[in-house]
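Look at the structure below and keep it in view while reading.

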Amino acid sequence: MTVSRHTKRLINTTFGDYKFGFKSAVNNYFVSHKHLDDTLVKEISDQKKEPSWMTDFRLKSLDIFNRKSLPAWGGNLSRINFNTLHYYIKPQDSTKTVWNKVDPNIKEAFDTLGIREAEKEFLGGLGAQFDSEVVYKSVQDALKEKGVIFDSTDNALREHPEFFKEYFGKIVPANDNKFAALNSAVWSGGTFIYVPKGVHIDLPLQSYFRMNTENMGQFERTLIIADEGSSVHYIEGCTAPIYSSNSLHAAVVEIVAKKNAKVKYTTLQDWAHNIYNLVTKRAFVYENGEMIWVDCNMGSQLTMKYPAIYLLGEGAKGEVHSLAVASKNQHQDAGAKIIHGAPNTSSLVSSKSISKEGGRSSYRGLVKVNKGAKNIKSKISCDALILDDISRSDTYPLMKIDEENVLVAHEAKVSKIGEEELFYLMSRGISEQEASSMIVNGFAEPIIKHLPMEYAIELNRLLELEMTGAVG
Amino acid sequence: MQKLQSNITVKENFKKNIIINTLDNTDIYLSKNSELNIVGIFKKGANNTKNFNFYLENNSKLNILIIILGTKNNKFTFTTTSHHIGKNTTSICTIKSVMFDESTVDYKGNIKIPKTGENSNSHLIHKSLLFSNKASINTLPSLEIENDKVKAGHSASIGKLDEDMMFYLQNRGLDTSSAKNLLLKGFLEEDIENFETKDFLHLIKKQLII
Amino acid sequence: MTTKNTLEIKNLYAGIPAKKIIKNFSLKVNSGEIHVIMGRNGCGKSTLLNVLMGHPKYKTEKGSVLLNKKNILKLSTNEKACEGLFMSFQHPIEIPGVPLTTFLRTAKNTITKKHSSPSDFLKEIKSYAKLLKMTDAEIERSINHGLSGGEKKKSEILQMAILKPKFALLDEIDSGLDIDALKAVASTIKEIFKKTKMGLLIITHYQRILNYITPDFVHIMDDGKIIKSGKETLAHELEKHGYDKYISKK
């Protein structure tokens, strides 16, 4: 199947090729001041016309943020200056559901990125966020008729507050960590999805996040509720122009997969290399439910992200497939967190990381089996490829087991591109660079195969491009 | 039985065999071309974390086998770190823990290969069996690698006795208890066969009586 | 369609840092000729082929390898492949995640400098797979992934059939093959040989392959060089009397 030119462009920039690191000149509708305080938080809540309980939630969270300290592990967070960030920039007055109504400069940005064509070709719904707000959201009529809600979190809060009262902040509470607290105080934009009982959404729903303003902080908040027996696949992609100063992306994603429901969440992260990407993602999975995280991290200066699955009902299943590529000056600190809180649950974590040109890639994971979680199975495998002697690879898989009737296995390997493998491919006429590229793609293949085909093809191409830098 | 000093150096070109049975903070230096086989059989826990550090100079070889027999409410909190500071070093570290009653293991096994550790070969295995609902295992095998010309890996597994193996033995007439004991013995002794010296083997087996 | 090529190995010395393995090896192979090298384990047969293909483990000290009068010894492995050399490995390695068909099509396009479409290529690979009695499943995987020893050897010959080299070096192609597989492999080799009149250099220490492929020349190798050359009859002699007759006891 050949991929259309328009689709190629979307995926290429969803996934990033920094020739598209352009900046858009937009007359912003509202820009908050840079100081992080109660006034700012109240202003945000005001602009969004939120119920008072949400305003209170935000203020309490700000308090928690101020009291909590930065994590002592992981990447280097010392250079984040919380007083130089724009916490809230509203680029237009409201979310549009028709492209023509979107602000022309913003529309041009997304046209350049090829977003609309993808919507026509292979998505069930599409959202586009520019700085702090969702500028465009649409979902196929057929899905709307079935009762599927796919909207910005802000709109959904106003129109479906019952979901928020029940789930918002319950899966990732504000005091979980400092950046969850920050997000809870100043969150804006993000995706809300509700899938009614028994509804299966065949085509993926996608959101695209773009940071445009320098020194921007993007704090999107996503909430996905898959009701009993339903299924959904959500894809998020993110890029930003390149600036010399730092930006911060601190998102929170909360997911509930009820009995027999299945949720798959794919992230293709290729932020510019001046961005701190600190994300808290967690799913609660109930009886016989299933959660699959597919997490591909290629960009950002520092990513700290550990998609978590709490298996809370009997028979629940969880999978995390993670690919991290750390190049010059990059640190990918990624992994997975699995809690077995019920019997007969199973989990699978598969992590592949590549470190090159001085980059550092770390796997940080946790498998915890609580007492009473009998007869569980967990398998974790971490493979790291380190391509030269200036790069670094770490693996920190923690296992905490409190139940005797379990089968937990973990395996990790670090290696470079094998001499024998290179020789074999070269003996068939293939150049060293191309052979290295093939091997790296082959290495990443078990993760890439979880992506929709159009993305898999582009990701392969991007890995090839990455390799042209790495082999001399 | 040798009580371990807190600082040991294995001299250049020497080969040493050591058995220890107390968890204690220990730094061990393997000089160039030296070889160390160290077996730790721990039945008694410790009140706080004990750290074992191994520093490997050029061409040195380290073989560690640690067996933990957890009973009552003994707590075994310890770390092992293989620092591959020289070139062409080998470190094979095997930890086997069998936990009964209310015992716990809290283990961090570190493999550190800095830029100077070219051609390191480092492997860490931690296998655990839990025999009680009140026992627990925390394990964190970690790798920190800064050189591409290395072979490094680790694995950890926690489980119960293999059901197929139990079935096989019971099929040959053994009752549950005998089968369990046999498998347990096998689980703990399979790595001991790797130590060639007969006297050393004998000493280890003496220590291992459960 | 057939051009006359020559492969001449002249006074080759090669080995690993601690040990000299190839010691003054010389041999000339022309297009359309089938040469067989036999010898005991450790005489350097496999090393010779790996040295010819430029395995990074080995260093060459002296000598030359002339393909149509051009010295290819110092070229990189892929350049040698493009000049027309092909080696079928004794222990073909698995390369996970890299599909066989994609890799082989890239190789073919690079070596022939022509572009074949995926559909034409698929047709070609399937026809040779059929000859070799390989299943679709075997060709649809990653390179050598999950294949038995014998299946891997078939895959090597499949690659040779697609790439149609000037000179094919076969390292113990018959080991690991049952009778049916051996017949399929031998007949495919013969078919490609007939079509392209390539030069064949077969390494073996069993007779089996020689029941299906008749060699023009048989050489006995010992201690890194050829100590005796002859025709097909030399192979029969070896079968009757063993190596002792030709190789002095150390």
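Which residues does Ala283(A) touch, not counting residues up to four places away in sequence? The model is predicted, and in it Ala283(A) touches Ile255(A), Ala257(A), Val263(A), Met291(A), Ala308(A), Ile309(A) and Tyr310(A).

Next, consider a strand of chain A and its partners on either hand. Strand β18, residues 317-326 of chain A, is mostly covered, with nine of its 10 residues buried. A residue counts as buried here if 20 or more other C-beta atoms lie within 10 Å of its own. Strand β15 (residues 290-297) of chain A runs parallel to β18(A), and eight bridges join the two. In this pairing, Trp293(A) stands opposite Val320(A) of β18(A). Strand β18(A) is also joined to strand β20 (residues 346-355) of chain A, by 10 bridges, and these two strands run parallel as well. Here Val325(A) has Ile354(A) in β20(A) as its bridge partner. In a regular strand, side chains alternate between the two faces of the sheet.

Now turn to the contacts between chains. Where chain A meets chain C, 19 residues of chain A are in contact with 23 residues of chain C. On the chain A side, α10 (419-426) and α11 (432-448) each supply at least two residues. That side divides into nine nonpolar, five polar and five charged residues.

The contact between chains A and B takes 29 residues from chain A and 31 residues from chain B. On the chain B side, β11 (136-145) and β12 (151-159) each supply at least two residues, and the largest share, 10 residues, comes from β11(B). The residues on this side of chain B are 12 nonpolar, 12 polar and seven charged.

Strand β24 (residues 406-415) of chain A pairs with β12(B) over seven bridges, in the antiparallel sense. Within β12(B), Gly153(B) stands opposite Lys413(A).

Definitions and conventions:
Residues are numbered from 1 along each chain as its sequence is written. Chains are lettered from A and ligands numbered from 1 in the order in which they are written. This is a predicted model: local features need pLDDT of at least 70, side-chain atom pairs count only at pLDDT 80 or more; totals for chains, interfaces and linings use all residues. A residue is buried if 20 or more other C-beta atoms lie within 10 Å of its own, exposed if 12 or fewer, and partly exposed in between; C-beta atoms are placed from the backbone. Helices (H or I, at least four residues) and strands (E, at least two) are DSSP runs, numbered from the N terminus. Two strands pair if DSSP finds at least two bridges between them. Two residues are in contact if their C-beta atoms, placed from the backbone, lie within 7 Å. Ala, Val, Leu, Ile, Met, Phe, Trp, Tyr, Cys and Pro count as nonpolar, Asp, Glu, Lys and Arg as charged, and the others, Gly among them, as polar.
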